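Please read the points below with the model open beside you.

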Amino acid sequence: MWDLCYNKLNMINVKMNIRNLKLAELTDLMLKAGFPKFRAWQIYKWLSDVSVVSFDQMTNLPLGLRDFLKQTFNLNSLTLQKVLTSRDESTTKFLFKLPDGNLIESALMKYKYGYSVCVSTQVGCRMGCAFCVSGMSGFVRNLEASEILEQVVLAQKFAGTRIGRVVLMGIGEPLDNFENVARFSELVSSPEGLNIGQRNITLSTAGLVERIYDLMRLKFQITLSISLHAPNDALRSKLMPVNKTWDLLQLIAACREYFEATHRRVSFEYIMLSGVNDGLKCAAELKKLLAGFPAHVNLIPANSGRRGFKASDPQTIKMFQKHLEDLGVQVTLRRALGSDISAACGQMRCIVQGGKYGGFE
Ligand code: SAH
């Protein structure tokens, strides 16, 4: 990490964000730079104080160390551009500017049991799902772990209270940015950091099967959520191009193994698209697909996304849900939070540098 830090400095003359470092790495760095080990712990404490915005606020560090930190690292990468709050005040959407000018969004959701934050993991997305707007401007770049972490830090600062849960369901495909997302999960759950337990982190994926196995090998306790959206390959491949690389058989096998390895129940997200996947035949196929596996299906009323897709009407959703229940499938209906401010599922967009976007105008 230390080498990486200098490489970055030499190559592109941009300082690394200190939030990318794990405590052990920061400790190593302190020792190499001739500072005592305990300084790393002190710095780490400051980093988890969301009100700290400059190294000068780290008042128990000697001036020499503060100068060293200023010369070596950035502390902040994200600038808050805009904030929108939904009419019912349950959801707040943030527009953040990255150092390269790209813009991303995050959402803060208030539930009875506390706050959740939904973070983006990439600028744009490569998945190209037919119903989703997040990837409409294509893929630009991965977010660094610190850029994902800072979304949580700033949301917590805004909320003025602890964030209890993180969902990786904003812009991007988390498993397509594996290294940074894995690092983020360690950083955010670190007891010396924000201390949001891994069981309170949900990672949603379009189904990158090889990466699901990679995640399993890390032995994290993260909840896996699969964007399923169709119960057969023909339909799923039409809606989600990733299904042509890894089909449902491979995907469900990976989920079973994930469950066996982690004992974490896997959830399956299923957007209700009118006339596309909301018939009772689809419900029966879904039951068959998930048979013998403690899966949980989360039905999502489709939010206005790409043209050509309509949300199923409430009556159809009810019937679909009832049919699944009768078949013995565990199913819940997701409450659509924040759709009036385009902060709901599949409505977050990235704005490529210099681009235009309607959501905040
Ligand atoms: N790429 C990951 C993470 C994004 S999560 C994934 O696909 O899971 C965003 C969630 O919102 C996904 O489940 C996605 O399928 C869903 N979504 C996309 N467009 C939507 C829409 N128009 N209405 C409701 N949900 C949508």
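A salt bridge here is a side-chain nitrogen of Lys or Arg within 4 Å of a carboxyl oxygen of Asp or Glu. By this rule the count comes to 14 salt bridges. Several are taken up below.

1. **Confidence.** This is a predicted model. The average pLDDT of the chain is 90, and 88% of the residues score at least 70. Two stretches need a caution. Residues 1-12 have a pLDDT below 50, yet this stretch has 19 contacts in the model beyond near neighbours in sequence. Residues 350-361 are also below 50, with 31 contacts in the model beyond near neighbours in sequence. Where pLDDT is low, the predicted coordinates should not be read in detail.

2. **Overall make-up.** The chain contains 11 helices and 14 strands. Of its 361 residues, 53% are buried. Take the contacts with a separation of 6 or more: 66% of them join residues 24 or more positions apart.

3. Which residue forms a salt bridge with E25? The partner is R183, and the closest N and O atoms are 2.8 Å apart. E25 belongs to helix α2 (residues 23-32) and R183 to helix α6 (residues 178-189), so the pair ties together parts that are 158 residues apart in sequence. E25 is partly exposed, at 21% relative accessibility. R183 is buried, with a relative accessible area of 16%. The cut-off matters for this pair: buried means under 20% relative accessible area. Therefore R183, at 16%, counts as buried, while E25, at 21%, counts as partly exposed.

4. **A pair inside helix α2.** D28 and K32 form a salt bridge, at 3.2 Å from N to O. Both residues lie in helix α2, four residues apart, about one turn of the helix. Is K32 buried or exposed? K32 counts as exposed, at 54% relative accessibility. D28 is partly exposed, at 38%.

5. **A pair inside helix α11.** K322 and D326 form a salt bridge, with the closest N and O atoms 2.9 Å apart. Helix α11 (residues 314-326) holds both, four residues apart, about one turn of the helix. K322 is partly exposed, with 46% relative accessibility. D326 is exposed, with a relative accessible area of 54%. A separate set of charged residues also deserves a look: E210, R211, D214 and R217 are joined into one network by salt bridges that share partners. Side chains of opposite charge can pair when their charged atoms come close.

6. **Q330 and its surroundings.** Q330 sits in strand β14 (residues 330-333). At 43% relative accessibility, Q330 counts as partly exposed. Which residues does Q330 contact, leaving aside its neighbours within four places in sequence? They are R265, A295, H296 and V297. With R265 there is a polar contact from side chain to side chain, at 2.6 Å. H296 is 34 residues from Q330 in sequence, but their C-alpha atoms are 5.1 Å apart in space.

7. **T72 in helix α4.** T72 is placed in helix α4 (residues 63-72). The residue counts as buried, at 6% relative accessibility. What lies 2.5 Å from a polar atom of the T72 side chain? The backbone oxygen of F68 does.

8. **A nonpolar surface patch.** L80, V83 and F158 make a nonpolar surface patch of about 250 Å². F158 comes from helix α5 (residues 145-159). Is F158 buried or partly exposed? F158 is partly exposed, with a relative accessible area of 42%. A patch residue must have over 30% relative accessible area, so F158, at 42%, passes that cut-off.

9. **Points to check first.** Begin with the stretches at residues 1-12 and residues 350-361, where the pLDDT is below 50. Then turn to the E25 and R183 pair, which links helices α2 and α6. Finish with Q330 and its side-chain polar contact to R265.

Conventions:
Residues are numbered from 1 along each chain as its sequence is written. This is a predicted model: local features need pLDDT of at least 70, side-chain atom pairs count only at pLDDT 80 or more; totals for chains, interfaces and linings use all residues. Side-chain values use heavy atoms; hydrogens and water are left out. pLDDT is the predictor's confidence in each residue, from 0 to 100. Contact means heavy atoms within 4.5 Å. Patches are made of residues with over 30% relative accessible area and no salt bridge: like charges are joined within 9 Å, nonpolar side chains (Val, Leu, Ile, Met, Phe, Trp, Tyr) within 5 Å. Accessible areas come from the Shrake-Rupley method with a 1.4 Å probe; for residues, only the protein chains shown count as cover. Helices (H or I, at least four residues) and strands (E, at least two) are DSSP runs, numbered from the N terminus. Buried means under 20% relative accessible area, exposed over 50%, partly exposed in between (1.4 Å probe, protein chains only). A polar contact is a pair of N or O atoms within 3.5 Å; within protein, one must be able to donate a hydrogen and the other to accept it, and residues adjacent in sequence count only if both atoms are side-chain atoms.
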